[in-house]
Amino acid sequence: MEKLELLYEGKAKKLYSTDEEDVILAEYMDQATALNGLKKDAISGKGAMNNQITSLIFDKLAENGVPSHFIRKISETEQLIQKVKIIPLEVVVRNVAAGSFSKRLDIKEGTPLSFPIVEFYYKEDRLDDPFINDQHVLVLDIATQEEIDQIKALALKVNEVLKAWFLTLDIQLIDFKIEVGRTKEGKILLADEISPDTCRLWDVHTNDHLDKDIYRRDLGDLVPVYQEVLRRIENN
């Protein structure tokens, strides 16, 4: 597989075309960002950890029937993914009140929710990715009602699989963000990544953060925390 031209550079990854039309090479970067990119630092080794964690998580999801764009990991920092057109939504699933949800609704962080909540955020940097509802998705012509239903079902399936699996690792899945894309045939696939960058993960016994809140809230060194998550996944 030959890496060709750079197609896109984001906050955490670079995407390259390859000599196969429908295959993209994703390269994870040694960079941490927060506050919609206002906070940014180079962190050695982070790209490799996120690539490995995401690859293992996508493999676990595939074993449980969750369709994604992931093909395979090809190096410490690189993976091959199926080409999709990203739908401009951040899809958030919440099991426990935390972060912006706690602030927005004045619910104490750490309060379990009676059922998982699915939220949509419009991916538009100039608008600071606003929270939107199903009707907004329809009015903006982001997705059809059938696709909205598919996206929600996919997000809840991811939650079901990961919540149960992480508990076997002594990790509580507080919330997470996913992105989805359409194939050229119009099929909806899980896309982007799932890692401590995109999930809130707390140790079951101590409630210690095992996620990017360590960096976001200046709670300590990010690297050993991500290393611990990777260790638990690999030893499972």
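A search of the whole structure, which is a predicted model, finds 25 salt bridges. The protein chain is divided into domain 1 (3-82) and domain 2 (85-221), and the count between these two domains is five salt bridges.

**Contact between the domains**

- The C-alpha centres of domain 1 and domain 2 are 18 Å apart, and the contact draws 27 residues from domain 1 and 27 residues from domain 2.
- Interface size is often expressed as the accessible area lost when the parts come together. For domain 1 and domain 2 the buried area is about 2300 Å², with 59% of it on carbon and sulfur atoms.
- Between domain 1 and domain 2 there are 15 residue pairs in polar contact, both residues being at pLDDT 80 or more.
- On the side of domain 1 that touches domain 2, strand 4 (31-34), strand 5 (39-42) and helix 1 (46-63) are the elements that give two or more residues. Helix 1 supplies the largest share of that side, nine residues.
- By residue class, the side of domain 1 that touches domain 2 comprises 12 nonpolar, eight polar and seven charged residues.

**Salt bridges**

- E193 and K13 form a salt bridge through their side chains, at 2.7 Å from N to O.
- D203 is paired with R232 in a salt bridge whose closest N and O atoms are 2.8 Å apart. This pair links distant parts of the chain, with D203 in strand 14 and R232 in helix 6 (residues 222-234), 29 residues apart. Both D203 and R232 are buried.
- The side chains of D213 and R217 form a salt bridge at 3.5 Å from N to O. D213 is buried, with a relative accessible area of 0%, whereas R217 is partly exposed at 33%.
- Within helix 6, R231 and E228 lie three residues apart, about one turn of the helix. Their salt bridge has its closest N and O atoms 2.7 Å apart. R231 counts as partly exposed because its relative accessibility is 40%, and E228 is partly exposed with a relative accessible area of 22%.
- Salt bridges with shared partners join R94, R104, E109, E119, D175, R200, D213, R216 and R217 into one network.

**E119 in strand 10**

- E119 lies in strand 10 (residues 112-122) and is buried, with a relative accessible area of 4%.
- The side chain of E119 makes a polar contact of 2.7 Å with the side chain of R104 and another of 2.7 Å with the side chain of Y121.
- Apart from neighbours within four places in sequence, E119 contacts E90, V91, V92, R94, F101, R104 and F131.

**The loop between strand 13 and strand 14**

- I194 is located in the loop between strand 13 and strand 14 and is buried, its relative accessible area being 0%.
- Residues up to four places away in sequence aside, I194 touches I53, T54, I57, F58, L61, V158, L162, I178 and C199.
- The C-alpha atoms of I194 and A98 are separated by 18 Å, the two residues being 96 residues apart along the chain.
- T198 is found in the loop between strand 13 (188-191) and strand 14 (199-203). T198 counts as buried because its relative accessibility is 11%.
- Not counting residues up to four places away in sequence, T198 is in contact with F176, K177 and E193.

Note on methods: Residues are numbered from 1 along each chain as its sequence is written. This is a predicted model: local features need pLDDT of at least 70, side-chain atom pairs count only at pLDDT 80 or more; totals for chains, interfaces and linings use all residues. Side-chain values use heavy atoms; hydrogens and water are left out. Domain bounds come from an automatic or database domain assignment. Contact means heavy atoms within 4.5 Å. Buried area is the accessible area (1.4 Å probe) that two parts lose on being put together, summed over both. A salt bridge is a side-chain nitrogen of Lys or Arg within 4 Å of a carboxyl oxygen of Asp or Glu. A polar contact is a pair of N or O atoms within 3.5 Å; within protein, one must be able to donate a hydrogen and the other to accept it, and residues adjacent in sequence count only if both atoms are side-chain atoms. Helices (H or I, at least four residues) and strands (E, at least two) are DSSP runs, numbered from the N terminus. Ala, Val, Leu, Ile, Met, Phe, Trp, Tyr, Cys and Pro count as nonpolar, Asp, Glu, Lys and Arg as charged, and the others, Gly among them, as polar. Buried means under 20% relative accessible area, exposed over 50%, partly exposed in between (1.4 Å probe, protein chains only).
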